[in-house]
Amino acid sequence: VTAGENSLAGAGAIPKRADGIGDITLKGVYYWLEETGIRPGIDLSAKVKFPLASHDRGLGTGKYDFGTGISLMKKFNNFLTLLDLGLVMRQRPDGSTIKAIRFDYSPGFGYIFSPKISAYLFVDSSTRPAKNQNKPLELVLACSYKPQRKYSLNGYLLFGLSRSSPDFGASTGITRYF
């Protein structure tokens with residue numbers, strides 16, 4: 001994993017490369033409007049990031065983040081077009097150059113293989129996370145398996161396309177529908 005900004009702990013104190021556990025994010029989604037005719041489906045979301053990544057090793061800020069977002073989805077037979085937009089409000093560590101507010105955006109495409117299995121390809125980016133960093137750019141390959149009506153298993157692989165993105169990332173999760 002590419003380590004965080006060097007200004008957090010003084011020159012040379014944070015390694016250029018480090019590995020370790022990342023932060024954990026809890027996200028809730030409200031499926032606001034179902035897709036009908038030409039109108040896309042619209043989901044609203046809220047999330048909180050719990051700071052479990054090592055701040056001393058440059059893997060995280062050691063602070064909580066809060067976010068809100070909107071997702072648009074439109075089906076064309078088994079194909080999907082997707083757009084996620086989000087706003088993240090961050091608590092900044094002392095002496096940090098990270099921006100307190102970040103805008104995220106993620107266009108993508110998907111394919112529904114069956115009622116239980118779907119796959120997605122996204123390009124994730126955001127505004128510059130800090131004054132001294134470029135915008136991140138990442139390619140994300142995701143899949144979802146829905147063995148039951150109320151649950152789905154989700155996972156993704158992330159490939160960094162810019163110097164300010166991690167080289168590689170992976171995630172798994174469980175979704176519970178109410």
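Colleague: Is Lys74 buried or exposed?
Modeller: Keep in mind that this is a predicted model. Lys74 lies in strand β3, residues 65-76. The cut-off for buried is under 20% relative accessible area. Lys74 has 14% relative accessibility, so Lys74 is buried.

Colleague: Which side chain does Lys74 meet in a salt bridge?
Modeller: Side chains of opposite charge can pair when their charged atoms come close. Here the N to O distance is 3.0 Å. The partner sits in the loop between β1 and β2, so the pair ties together parts that are 39 residues apart in sequence. The residue that meets Lys74 is Glu35.

Colleague: How many salt bridges does the structure hold?
Modeller: The pair Lys74 and Glu35 is one of them. Another joins Arg102 and Asp104. The structure holds four.

Colleague: What is the N to O distance between Arg102 and Asp104?
Modeller: Arg102 counts as buried, at 17% relative accessibility. Asp104 is buried too, with a relative accessible area of 16%. Their side chains meet in a salt bridge, and the N to O distance is 2.6 Å.

Colleague: Which strand holds the residue that Asp65 meets in a salt bridge, Lys49?
Modeller: The side chains of Asp65 and Lys49 meet at 3.4 Å, N to O. Asp65 lies in strand β3, and the pair ties together parts that are 16 residues apart in sequence. Lys49 lies in strand β2.

Colleague: What are the relative accessible areas of Asp65 and Lys49?
Modeller: Both values fall under the 20% cut-off for buried. Asp65 is buried, with 10%. Lys49 is buried, with 11%.

Colleague: Which residues are linked with Lys49 in a network of salt bridges?
Modeller: Start with the side chain of Lys49, which makes a polar contact with the side chain of Asp23 at 3.3 Å. Lys49 also meets Asp65 in a salt bridge. The residues linked with Lys49 in the network are Asp23 and Asp65.

Colleague: Which residues is Lys49 in contact with, leaving aside neighbours within four places in sequence?
Modeller: Lys49 is found in strand β2, residues 41-50. The list includes its network partners Asp23 and Asp65.

Colleague: Which elements give two or more residues to the nonpolar patch on the surface?
Modeller: The patch includes Ile24, Phe50, Tyr64 and Met89, and its residues together have about 890 Å² of accessible area. Ile24 is found in strand β1 and is partly exposed, at 43% relative accessible area. The elements that give two or more residues are β1 (24-33), β4 (79-90) and β5 (101-112).

Colleague: How far is Arg92 from Gly62, C-alpha to C-alpha?
Modeller: Arg92 is found in the loop between β4 and β5. At 44% relative accessibility, Arg92 counts as partly exposed. Arg92 and Gly62 are 30 residues apart in sequence, and in space the distance is 8.9 Å.

Colleague: What is phi of Asn77 near?
Modeller: Asn77 is found in the loop between β3 and β4. Asn77 counts as exposed, at 75% relative accessibility. Its phi is positive, in a residue other than glycine, and near 60°.

Colleague: Where is the pLDDT below 50?
Modeller: The mean pLDDT of the protein is 87, and 90% of its residues reach 70 or more. Where pLDDT is low, the predicted coordinates should not be read in detail. The pLDDT is below 50 over residues 1-13.

Definitions and conventions
Residues numbered from 1 in each chain as written. Predicted model: local features only at pLDDT ≥ 70, side-chain atom pairs only at ≥ 80, totals over all residues. Heavy atoms only, no water. pLDDT = per-residue confidence, 0-100. Contact = heavy atoms within 4.5 Å. Patch = residues over 30% accessible without salt bridge, like charges linked within 9 Å, V, L, I, M, F, W, Y side chains within 5 Å. Areas by Shrake-Rupley, 256 points an atom, 1.4 Å probe, with all protein chains shown as cover. Helix = DSSP H or I, 4+ residues; strand = E, 2+ residues; numbered from the N terminus. Buried < 20%, exposed > 50% of the residue type's maximum accessible area, 1.4 Å probe, protein only. Polar contact = N/O pair within 3.5 Å; in protein donor to acceptor, adjacent residues only side chain to side chain.
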